[in-house]
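Me: I have a structure here that is new to me, and I would like to talk it through with you.

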Amino acid sequence: LWDWDLSAGTVWYSPRYAQNLGYAQDELGRDPASFFSRLHDEDAQRVREAVEAHLQRREPYDVEFRVRARDGSWRWHRARGQGVWDATGTPVRMAGWQADVTAERDAGEALRRTNAQLLEAKRDLESRTLELASQAELMEAARHAAEAASAAKGQFLANMSHEIRTPLNGVIGMLNLLAGTALEDSQRRMVATAQGSAANLLALLNDVLDFSKIEAGARTLETLPVDVRGVLAEAVE
């Protein structure tokens, strides 16, 4: 508690007031200037203005400020007070209380910092989520593009194989017809070589079709006999 006698220009402080700041009661002084001398430079003028507003315009006196304790540390105090005026409206006394709110201020500041950190983490998480969503969309688009390209490639290979097989079948047919005519031995060997080459080309086209079937998931297996002696003979020929 505190009691300011404006007529006498003296201030009284309760023992608990002095104890809170670590002073002996007689160390606080009775001069109001000693009170303001213990206030933080950033708060002193604001407190003076609040006192003046209360005494001159009777605005409520409720203010928080920093007070220097005896050990040099700063304590946050909240002060409330009430003035007394004489019949002429002149302020003659002002009394009130001060409460140490340092712990509350520190807790509030810690809470504000925590909230700010949580807000920043939330914003970072939202940003990362948007980034991941964007990447997922890009990956999905790339997957669709790759699937479309693969399908187009398979379709192209299948069409190309069918288109090439048509004239190749004509070549093979003509060679078969030519082989049935009267030929010299050297001509017959050349026709046989051309027939083997055409058969190999047809096998390659079938392999291309097999690759397109594999990519389309329509893979089938078949067992074919292999004439190793004939393969070697054709290779040598």
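What follows is a conversation about the chain as a whole, its helices and a few single residues.

Me: Before we start, what kind of model is this, and how are residues numbered?
Reply: This is a predicted model, in which local features need pLDDT of at least 70, side-chain atom pairs count only at pLDDT 80 or more, and totals for chains, interfaces and linings use all residues. Residues are numbered from 1 along each chain as its sequence is written, and side-chain values use heavy atoms, with hydrogens and water left out.

Me: How many helices and strands does the protein chain have?
Reply: The protein chain has six helices and five strands, where helices (H or I, at least four residues) and strands (E, at least two) are DSSP runs numbered from the N terminus. From the N terminus on, the elements run β-β-α-α-α-β-β-β-α-α-α.

Me: And what about the radius of gyration, against a compact globule?
Reply: The protein chain has a radius of gyration of 51 Å, whereas a compact globule of 237 residues would have one near 18 Å; the radius is taken over C-alpha atoms, and the globule rule is 2.2 Å times the number of residues to the power 0.38. Along its principal axes, the C-alpha trace spans about 150 × 35 × 25 Å.

Me: How much of the chain is buried?
Reply: Buried residues make up 24% of the 237 residues, with buried meaning under 20% relative accessible area, exposed over 50% and partly exposed in between (1.4 Å probe, protein chains only).

Me: Let's turn to H4. What does it span?
Reply: Helix H4 covers residues 102–179, which is 78 residues, and reaches 111 Å from its first C-alpha to its last, close to the 116 Å expected at 1.5 Å a residue. That expected span is 1.5 Å times one less than the number of residues in the helix.

Me: Where is the kink in H4?
Reply: A kink of about 25° lies at Thr-166, shortly before the proline Pro-167, the bend being the angle between axes fitted to the seven residues ending there and the seven starting there.

Me: Which residues of H4 are buried, and what do they pack against?
Reply: The buried residues of H4 include Gly-154, Leu-157, Ala-158 and Ser-161. The buried residues of this helix pack against strand E4 (74–85), strand E5 (91–100) and helix H5 (185–215), with contact meaning heavy atoms within 4.5 Å.

Me: Then what about H5, how far apart are its end C-alpha atoms?
Reply: The end C-alpha atoms of H5 are 45 Å apart, which agrees with the 45 Å that its 31 residues should span at 1.5 Å a residue. Among its buried residues are Val-191, Leu-205 and Leu-209, and what covers the buried residues of H5 includes H4. Just after H5, Gly-217 takes a positive phi of about 80°.

Me: Changing topic, is Asp-43 buried or exposed?
Reply: Asp-43, which has its place in helix H3 (residues 41–57), counts as buried because its relative accessible area is 3%.

Me: Which side chain does Asp-43 make a polar contact with?
Reply: The side chain of Asp-43 makes a polar contact with the side chain of Arg-66 at 2.9 Å. A polar contact is a pair of N or O atoms within 3.5 Å; within protein, one must be able to donate a hydrogen and the other to accept it, and residues adjacent in sequence count only if both atoms are side-chain atoms. Not counting residues up to four places away in sequence, Asp-43 touches Phe-65, Arg-66 and Trp-76.
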